[in-house]
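Thanks for coming. I will go through one structure this morning, starting with its overall layout and then moving to some of the contacts.

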Amino acid sequence: MDSVFSHTIAAILTIGIISFLYKDNPLYKFCESLFIGVSAGYWFVQQYYANLLPKLFDNLGITKLVGAENAPEGALQALFLEGRLDDNLLYLIAGVLGVMMLLRLSPKIGWIARWPLAFTVGSSAGLYFITYFQSNAMSQLEHTILPLNSFNNLVLIVGTVTGIIYFYFSKEHKGVFGGAAKVGIYFLMITFGASFGYTVMSRMSLLIGRIDFLFGTWLGLVK
Amino acid sequence: MATGKLRNQKKYFTLICLLLFSPTLIAQTESADITTTPPAPVTEVVAFDTPNDAGSSITIRWKKSPDDRPDDSLFAGYKILRAIYPRGEFQQTADAPAGAEETFDNEARDGVEYTYRIRAVRGDLYSDSEASPPAQSKQQWFHTGRINTLIGCLIIGLAILFFINRAKSGKKLYIRKIAGLEAVDEAVGRATEMGRKIFFIPGIQDIYNLQTIAGVIILGRVAKLVAEYDAQLEIPVSRSMVMVACRETVKEAYLNAGRPDAYKEDAIHYLTDEQFGYAAGVDGLIVREKPATIFYQGAFFAESLILAETGNYIGAIQIAGTAMPAQLPFFVAACDYTLIGEELFAASAYLSKEPKLLGSLKGQDVGKVVILLAILIGVIVHSFGLFNFAQLFRVQ
């Protein structure tokens, strides 16, 4: 009985979302609002249990401090009770940055929120620089330097070289250089075409999944 | 006479029996040896700090036991015994399968000297090796297997610094026209004339994603134009941090345009982190608000086509930009202009004319020239079988 009820609800919501294909309508609006509201709430709870609670509150010992049963002792207990500097004390910096971010709610000291933002953007750009350089430059380079002894290798080398030429911004695409860039964009478009077809097929399988749910699981018309 | 015949028959019988059963007897004797004799111990055990790591790891190598053979099904493998040098008690710390000649102790404490014995195990029997010379783990400052990455980063980094200085000194740096960006003014102007909104969708990734950062920089230029034209801008976002960054950027753009009063914080609002919840929400906004222009600039996933098709359906001018290879085909198909891959990053420099961004773009172009030369030289050298040039770019 429970499954019939839940399947019916899921089917109505599915039809509501698909009804957007006809036009915007009250059922779609209801489904959209429900989806956004439920998912926003879900993400808030998920963020709390995946990040705030284990990484900040538990590691610092705030959970223990507020008297939660079975909560582990954290860095604050280590510091004040044992006089020991625990590595987890570093999470305090993240906590302070988080609080600084919330200060933007106050118009007078809202500017403080720029500091944690600058820290996040700067540190992540720096960290990703090496990762991207290794995967997108060094590794690509290693696997493009191939002997010209097969058609596959030729296509790979010409495609990569002309592709790089297309993404060279310091010279206008004219003459031989422009011709090479044009070959590069042809390679890109052929790749996009193949990727388009592949992805459309995978989307069809998603649609088939929903149709199967409606006519099979819910209505029982397809066995 | 009869007795002699009988004797001969007994001799033959004994001989035949010996011939028939001797292999079995030999095998039984060997089997008895295998099950009662411990395996030969491993030799040449050495331990040393695992190179190029963050510490807490010691590499142990040995020469395998002569009894470690594929046809010996009883041979079970090796146990790694560890003791603190010099007088600690040996305790098992890891296992290694038969045939192995190397393993890692990843539970070592940095700065503590350890010694190791390898126990070769066959059935219930075992034999221990001599103890290895002491070794201790420590972390390394440099990963020597990534010197090539360091050189590459230095080349690009120095080129970027050089061009930033050139840009700062007032020298004009040339960047070719990027088709999608030429249309930004036209797209904002069209929305102003029609009296409709401009939507800016900064992708669904958080602010730490470089594409989102590039998208937010482009937003700065779009917002300045919007402020100058007195148009209306709406930015639904899927990440709280992106919302904060967008608000800061748009506020600054309005300030720079001399229209701080026109800035509306509520126009930049959060919907949900959930990918398709966000897509459903933006789709709803698009069909209800009917914006004249939609910008998609940032990192997108499966929602790209859903958004772009809805925008196309209401007849909006759409300018997309992403470096997600799987989503680019959809934007190319459904949008009027698409910034492909690195064009998204170049666009931020092109629009802002900021010396740091321009210098960065030019520096990266130097990197591309180096890569092109490396490919061409490498292919020629490799084709003639002179040298495997590719190995110079292998990252460990």
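Into which domains is chain B divided? There are three entries to note: domain 1 covers 43–128, domain 2 is made of 146–167 + 363–396, and domain 3 covers 173–353. Before going on, please keep in mind that this is a predicted model. In chain B, the centres of domain 2 and domain 3, taken over C-alpha atoms, are separated by 34 Å.

Chain A is divided as well: domain 1 is 1–60, domain 2 is 81–145 and domain 3 is 148–223. For domain 2 of chain A and domain 3 of chain A, the C-alpha centres lie 34 Å apart.

Now the two chains together. How many residues of chain A are in contact with chain B? The number is 57, and they touch 67 residues of chain B. In general, the size of an interface is often given as the accessible area lost when the parts come together. Here chain A and chain B bury about 5600 Å² between them, and 72% of that is on carbon and sulfur atoms. On the side of chain A, the residues that lose the most area to chain B are A:Arg104, A:Ile145 and A:Phe169, together 14% of what that side buries.

One part of the contact between the chains is a helix pair. Helix 7 of chain A, residues 151–166, packs against helix 10 of chain B, residues 355–383, at an angle of about 160°, and the axes are 10 Å apart. Because of that angle, helix 7 of chain A is roughly antiparallel to helix 10 of chain B. Their crossing is left-handed. From helix 7 of chain A, the residues involved are A:Ile157, A:Thr160, A:Val161, A:Ile164 and A:Ile165; they meet B:Lys368, B:Ile371, B:Leu372, B:Ile375 and B:Val379 in helix 10 of chain B. By class, the residues of this contact are 8 nonpolar, 1 polar and 1 charged.

Helix 7 of chain A also has a partner within its own chain. That partner is helix 8 of chain A, residues 175–218; the two pack at an angle of about 115°, with axes 7 Å apart. Helix 7 of chain A and helix 8 of chain A are therefore roughly perpendicular to each other. This crossing, too, is left-handed. Among the residues of helix 7 of chain A in this contact are A:Val155, A:Val158 and A:Gly159, and on helix 8 of chain A the list includes A:Phe177, A:Ala180 and A:Ala181. A:Ile165 takes part in this contact, and A:Ile165 also takes part in the one with helix 10 of chain B. The contact of helix 7 with helix 8 in chain A has 11 nonpolar residues, 4 polar and no charged ones.

Next, a pair inside chain B. Helix 3 of chain B, residues 179–194, and helix 4 of chain B, residues 210–229, have axes that come within 10 Å and cross at roughly 40°. That angle makes helix 3 of chain B oblique to helix 4 of chain B. The crossing is right-handed. Helix 3 of chain B contributes B:Val184, B:Asp185, B:Val188, B:Gly189 and B:Thr192, while helix 4 of chain B contributes B:Arg221, B:Val222, B:Leu225, B:Val226 and B:Tyr229. That contact divides into 6 nonpolar, 2 polar and 2 charged residues.

Last, some backbone details. Most residues other than glycine have a negative phi, and most peptide bonds are trans. Where does B:Glu44 lie? B:Glu44 is in strand 1 of chain B, residues 43–49, and has a positive phi, near 50°. B:Tyr85 and B:Pro86 are joined by a cis peptide bond, with omega about 5°. B:Pro86 sits in the loop between strand 3 (75–84) and strand 4 (91–96) of chain B.

Terms used:
Residues are numbered from 1 along each chain as its sequence is written. Chains are lettered from A and ligands numbered from 1 in the order in which they are written. This is a predicted model: local features need pLDDT of at least 70, side-chain atom pairs count only at pLDDT 80 or more; totals for chains, interfaces and linings use all residues. Side-chain values use heavy atoms; hydrogens and water are left out. Axes are lines fitted to C-alpha atoms, for helices over the stretch in contact, and angles run from 0 to 180 degrees between N-to-C directions. Helices (H or I, at least four residues) and strands (E, at least two) are DSSP runs, numbered from the N terminus. Angles under 35 degrees count as roughly parallel, over 145 as roughly antiparallel, 65 to 115 as roughly perpendicular and the rest as oblique. A crossing is left-handed if the near helix is turned anticlockwise from the far one by less than a right angle, and right-handed if clockwise. Contact means heavy atoms within 4.5 Å. Ala, Val, Leu, Ile, Met, Phe, Trp, Tyr, Cys and Pro count as nonpolar, Asp, Glu, Lys and Arg as charged, and the others, Gly among them, as polar. Domain bounds come from an automatic or database domain assignment. Buried area is the accessible area (1.4 Å probe) that two parts lose on being put together, summed over both.
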